[in-house]
Amino acid sequence: MGCGAAGHGAVRGPPGPRGGAAGASQRAGLQREVPSNCIKTSKYNIITFLPVNLFEQFQEVANTYFLFLLILQLIPQISSLSWFTTIVPLVLVLTITAVKDATDDYFRHKSDNQVNNRQSQVLISGVLQQEQWMNVRVGDIIKLENNQFVAADLLLLSSSEPHGLCYIETAELDGETNMKVRQAIPVTSELGSTSKLAQFDGEVICEPPNNKLDKFGGTLYWKENKYPLSNQNMLLRGCVLRNTEWCFGLVIFAGPDTKLMQNSGRTKFKRTSIDRLMNTLVLWIFGFLVCMGVILAIGNAIWEHEVGVCFQIYLPWDEGVHSAFFSGFLSFWSYIIILNTVVPISLYVSVEVIRLGHSYFINWDKKMYCAKRRTPAEARTTTLNEELGQVEYIFSDKTGTLTQNIMVFSKCSVNGHSYGDVQDMLGHKAELGERPEPVDFSFNPLADPRFQFWDPSLLEAIKLGDAHVHEFFRLLSLCHTVMSEEKSEGELYYKAQSPDEGALVTASRNFGFVFRSRTPKTITVHELGRAITYQLLAILDFNNIRKRMSVIVRSPEGKIRLYCKGADTILLERLHPINQDLTNVTTDHLNEYAGEGLRTLVLAYKDLEESYYEEWSERLHRASSAHEAREDRLAQLYDEVEHDMMLLGATAIEDKLQQGVPETIAILTLANIKIWVLTGDKQETAVNIGYSCKMLTDDMTEVFVVTGHTVLEVREELRKAREKMMDASRSTGNGFYQEKLSSSKLTSVLEAIAGEYALVINGHSLAHALEADMEVEFLETACACKAVICCRVTPLQKAQVVELVKKYKKAVTLAIGDGANDVSMIKTAHIGVGISGQEGIQAVLASDYSFSQFKFLQRLLLVHGRWSYLRMCKFLCYFFYKNFAFTMVHFWFGFFCGFSAQTVYDQYFITLYNIVYTSLPVLAMGVFDQDVPEQRSMEYPKLYEPGQLNLLFNKREFFICIAQGIYTSVLMFFIPYGVFADATRDDGAQLADYQSFAVTVATSLVIVVSVQIGLDTGFWTAINHFFIWGSLAAYFAILFAMHSDGLFQMFPNQFRFVGNAQNTLAQPTVWLTIALTTVVCIMPVVAFRFLKLDLKPELSDTVRYTQLVRKKQKTQHRCMRRAGRMGSRRSGYAFSHQEGFGELIMSGKNMRLSSLALSSFTARPSTGWIETLRKKKGSDSSTAGSPSSAASKTLKV
């Protein structure tokens, strides 16, 4: 498609070699050169792969840093390490990443080739010929057959169905699996033969390429006439032709211009808080590295000036070094090379491997597999796993997420009479559990056997000929866009665009008004057994702004009537004033239905005069043909005709809660996760669902409802809500509150409020609350509440609410939804979760994680998320510890080698330390470790809080790890140094030589860090054992191999430590030194952890202790049962428990942690350790958090 001066495109189709639509003359008719239909989603080809991939990889700061080090190592004047110590790990990382990228791109190429080489039938010189998709061009005429994919964006010209109809499935575009209907314009619908199509020479002027799937505007100019084109005439690439033998289409957009490709934009890259922290820490470490380099360089300059000058005869300066200052300068770069291992490149590789492992655990989790839908959980990204353990805010859609999105026609109101209440034999409303038999629809051979209704009075009204009830169901059978398929005589199958619409048409079908079939201009309904065909004059379609749909039909008697159904807020204000009394009664019924959590619609009709309709239809035709402001002009005409309607009644549809939703919300709330529901439903329905799923409870202090229509009203309602909360807090006599009020920021005022509150806000009020001058007040009020429900919200408002919390709260947000209207919210949140439900897969495609039921969110966060966070934090702490312990030895050695940049270790040990000796044990811990079993993680939600507070890895924990690493390096260097100063071998020779010292320090280091990771590992598996002890064995095997005679004879310049390992490790003194170093390094850690466990245990420690107690109890119970079986069974007592159980209860040993064991835990001085941090965090944050008393926050399980 081309863009002309007015921003429109033109496709001409004069007769030419390719079916009259793509010859040279057609090309001349395009306003710009158009792309081919070949698509390309791959990034590389054989020639560009290496340079482009390397360029992309060196965009990473870490890779550039190591390349810089490699260049330094190639300068002989400053390098004391061989180049391979850096190039081996760097090449390894670059290669692994390149292989991964190449594999991904290979599959992209494969997918592209598969699509581009699909065959399609193109009309060339009046004959249909097979052509690859990539060779299809704008202006070609294509023939599609049933079940074929659409090759490009086509204008439907004709089809095998009457009136140019065809049916398509759009799952690849919008995730909806229901069929949709498209129709050719009447003037081209007769072009069914290739000979007629070859003579087609029309010209299409249309909008430029865009990503709007539901809109298209254009005009066909043919035979000196113009015909308006809309989305209903288009077949978009990615659709599949269904239930249609064949159709012909004119290519309008091809390749990257198609709406499918226009919508395939890149998703925003998300990074975790740990990633951002690591970037900061790496910069700090680099600064620390520079400082150490400067200190040692200054030392070198001083030493060379004061001491080294005296040894110039046999220790001359290198060539080009003429002063102590320049020697110090070169020494600085040498030490930068040597000390670079404080940030090893293997850190980044290990992090990605661990994240990949965690993603597979999520994918393989059978407890998150839905057998009914055969849908496993899926981690669609590997970069966010640990952030699942830090979520504080969940934003959830309601329909299809909390509810099943399986709609059931439950109740209705017709002419002021409510139907649907279950009644007993006496005609009174039946109580729960007293439900009688459902209504018998056997009189209707076309009834759906799965449909059930419990109020027989509605069927009686049908049979008695109640005109209002008949008109009610006539409206339901006519006013819809459902497609009907009759597989066999009387076996109807409805394909609806929404479950609501399907439920309403099915209800009318069972009550005797059966929608049977449709054509573009007619609808056939069987009304109580009599077939009646209505002429369909117009469909005024539904959209999110109108919130209603209408049809205009002409009955066989010639009467023209408009039928309309829509949201109560929209339709009730469009009724004729004569309906006032009926409106009041129906409104009461609507409120009653909404209070029961039902989804409601209002039904109305209007008779139209023939003359008025003809005049209105003419204006409609002109508006639909307009190039400019077409949508606005159509909306204005729709609005005009949909006024002064007569009220028929209302429908109420039940959308049942998903299994496990109340329990999941209750447990997530105990984990201090705040749940906000953002829904398009009306307030009463949303509030009722809130109570059903235990978000709202009767125990709450107050539920605030904000319904203001102006800025001032909304501001006042929010102010009153805050005042009530503050007044309630003052009345509790909370002394801390006054102090908090005076010392904290405005947005932290509500931090100390006692009591539980909820906030419900309507969409029109939310629009004002999200304005720049009120958003902080809204957020302050909302965050002080335990639950927040936003009703009648648009998809954009959902994203704005999430963005608001992200902007002002230092908290991780998660959005979960199942429909296309949730995509913006899912992409905006830190973590997006898609539910593969009834509304298609668009939310899943935009998400980071997906599964089929809301209840799996509990396991995703409390088990996988918490474990991922715990493992990543332990991994990082240990990694920085072991590398500082390894590297800082060089720093201390510098003071004893004249600051000459001499390394302590053999250069091969430096190369292999992070790749072989210490990589696998820490990977095993990072992938498999756990503090408590999964059952306990679910049982005690408070275990989740350390992740929210970021307690396990932060700047403080980082400095503790660094301090421990430096402490270990000091002992690692100075204990062997002190021992070797006076030690001798067995033969009396001096033990102290450089190579023996290097082997001793290296061996001590490997043993110490191996013991340390053994202490850090909380969950031992066979893999952990194999990796830890296997790494130690590998160290000794490689050490003896490196120091063997054979390697020395082959490479005498590379392996200079010949025989050293055998000689050094044969000395008892060396092993005693290693043992002493290990004990002195490890014992303070063991002592500290023991005291911490005894004096200030964490919650996970208490849970583990309780687990041990339970295991002992089970053993005792088994012994008691064995003793009990030896007795007689003649006793007729009504009790069957064994002796001693009462004492066990009194002792409290068998109580769950949530009762006695935890009450003792919470009474300890460490009660408020999480609370103190939470309050401190809240006071530092710019907005208020969710309040609760210290007692209630200590532990909830």
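The model is predicted: local features need pLDDT of at least 70, side-chain atom pairs count only at pLDDT 80 or more, and totals for chains, interfaces and linings use all residues. Residues are numbered from 1 along each chain as its sequence is written, and side-chain values use heavy atoms, without hydrogens or water.

Cavities. The whole structure has 5 of 30 Å³ or more. A cavity here is a set of points, on a 1 Å grid over the protein atoms alone, where a 1.4 Å probe fits but cannot get out. What lies closest to its centre? Asp906, Phe909, Tyr1035, Leu1039 and His1043, out of 15 lining residues. Lining means having an atom within 4 Å of a point. By class, that lining has 13 nonpolar, 1 polar and 1 charged residues. Helices are DSSP runs of H or I, at least four residues, numbered from the N terminus.

Now the surface. Ile295, Phe895, Phe896, Phe974 and Tyr977 make a nonpolar patch of about 460 Å². Patch residues have over 30% relative accessible area and no salt bridge, with nonpolar side chains joined within 5 Å. Tyr977 sits in helix 32, residues 955–982. Tyr977 counts as partly exposed because its relative accessibility is 37%. The classes: buried is under 20%, exposed over 50%, partly exposed in between, with a 1.4 Å probe and protein chains only.

Last, Tyr593, in helix 15, residues 580–595. Buried or exposed? Buried, at 0% relative accessible area. Tyr593 and Ser413 are 180 residues apart in sequence, yet 9.8 Å apart in space, C-alpha to C-alpha.

Terms used. Patch = residues over 30% accessible without salt bridge, like charges linked within 9 Å, V, L, I, M, F, W, Y side chains within 5 Å. Areas by Shrake-Rupley, 256 points an atom, 1.4 Å probe, with all protein chains shown as cover. Salt bridge = Lys/Arg side-chain N within 4 Å of Asp/Glu carboxyl O. Helix = DSSP H or I, 4+ residues; strand = E, 2+ residues; numbered from the N terminus. 1 Å grid on protein atoms, 1.4 Å probe; cavity = no way out; pocket = protein on both sides within 12 Å on 5 of 7 lines; lining within 4 Å. Points joined across faces, edges and corners; volume = space filled by probe spheres on them. Nonpolar A, V, L, I, M, F, W, Y, C, P; charged D, E, K, R; others polar.
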